[in-house]
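Dear colleague,

Please find below the structure that I am handing over to you, followed by an account of what was found in it. I would be grateful if you could read the two side by side.

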Amino acid sequence: MNTGMSVIVRTITRLVYGPALVFGFYVIMHGHLTPGGGFQGGAVVASAFALLLVAFGAAGVKGHLNAHLLQTLEEIGALAFLALGFVGIGTAFFYNLLANSGPLFGGPVVPLGSNSGVFNAGGTLPLMNWAVGLKVMTGITAIVIAMLVGARKEESE
Amino acid sequence: MKKAIILVAFLFVAAFLLLAATSMRPFGEPSFADMDDYFIAHTQAEVAANNAVTAVVFDYRGFDTLGEATVLFAAVVGVLALFRKLREDER
Amino acid sequence: MSMGNLPFVVAALLVVFGIYTFLFKRNLIKLVIGVSLVETGVNLFLVTLGYRTGGVAPIWTFAPKAERMVLPTPQALTLTSIVIGLATTALLLSFAVFIHRHYGTLDAHKVKELQG
């Protein structure tokens, strides 16, 4: 667990890691148009981080990813999701106040039937996608790092 | 003796599950689809999103997603609290 | 037994295999794998409940010309169930690591006998 894997695995990881991150963020951002959303995109980004951890070992990633910083970011994501639920509290909890109104994700009216997608629509849906995506991404990475560093400390005693 | 009792109980549960699976309604015809027909018909007008599944998860049934976010938060806090003792020994 | 019910039978078979694994195996990691198998069977069963014959995915972006869409609610419930399964498996594996550190073994029968 300390050393990581061979030169071939490390080179391919360096090539694949960037496009995997971009694909994960694409799946999170376009959750209201294509299949996907916050949970699925967060899992894709977390698996890119886990690939980095497996290929370079715990010693190679020790200075870059900190489990407590990741836990703080996860708490911020959870609080943002809860705050977005209180936006439309005048009518109901989780009421979609921003849909079909104003410039912030309320934009042009979505045509009925099969169309090619309108990005600037959906109300609180894209904002909730980002909050949940941040939460899942940092949460799963924090779990994986905590388990890996915990197992390493046990072997060196 | 105890293993024989466990084996009989397991065979009973397995037979019950397989019997229930073969005598269900035909695959491909849902019995009660009134709520989902309303969701499919009104997603583009009310939620203004193209993805009906995301609209159901975050808008029509957002309370379930709040419970799921709480479970994920509890799991992360639990795992990081279990492995905290080693981090303090490391310093 | 009609062949039209095959997805339901496969989901029930996965649950039966999972129950067999955590009843009759002694290694703790195999118990965790059994619990994960049961959760996978339940998720598959939930998804196959909402299928309409000849239906397409309930998404309107570049949707093909069809008159029926699949029900979206069971897919939303399966999302929640998968995340809860992940949380359960993470905590179970952390407990397995701690038990191995404390007792020195991963055998479920020996862990029960050594009291304290």
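In chain C, helix 2 (residues 28–48) packs against helix 3 at an angle of about 175°, their axes lying 10 Å apart. Here axes are lines fitted to C-alpha atoms, for helices over the stretch in contact, and angles run from 0 to 180 degrees between N-to-C directions. Helix 2 of chain C is therefore roughly antiparallel to helix 3 of chain C, a term that applies to angles over 145 degrees. Helices are DSSP runs (H or I, at least four residues) and strands likewise (E, at least two), numbered from the N terminus.

Among the residues that helix 2 of chain C brings to this contact are C:Val32, C:Val35 and C:Glu39, while helix 3 of chain C contributes residues including C:Ile82, C:Gly85 and C:Leu92. Two residues are in contact if their C-beta atoms, placed from the backbone, lie within 7 Å. The residues of this contact comprise 14 nonpolar, 7 polar and 1 charged. In this scheme Ala, Val, Leu, Ile, Met, Phe, Trp, Tyr, Cys and Pro count as nonpolar, Asp, Glu, Lys and Arg as charged, and the others, Gly among them, as polar.

This is a predicted model, in which local features need pLDDT of at least 70 and side-chain atom pairs count only at pLDDT 80 or more, whereas totals for chains, interfaces and linings use all residues. Residues are numbered from 1 along each chain as its sequence is written, and chains are lettered from A and ligands numbered from 1 in the order in which they are written.

The contact between chains C and B involves 36 residues from chain C and 35 residues from chain B. On the side of chain C, helix 1 (6–24) and helix 3 (73–103) are the elements that give two or more residues. Helix 3 of chain C supplies the largest share, 12 residues. By class, that side holds 25 nonpolar, 10 polar and 1 charged residues.

Chain B has 5 helices and 0 strands. Its C-alpha trace spans about 55 × 50 × 15 Å along the principal axes.

As to confidence, the predictor gives the complex an ipTM of 0.84 and a pTM of 0.88. The mean pLDDT (the predictor's confidence in each residue, from 0 to 100) is 89 for chain C and 87 for chain B. Where pLDDT is low, the predicted coordinates should not be read in detail.

Yours sincerely

Note on methods
Angles under 35 degrees count as roughly parallel, over 145 as roughly antiparallel, 65 to 115 as roughly perpendicular and the rest as oblique.
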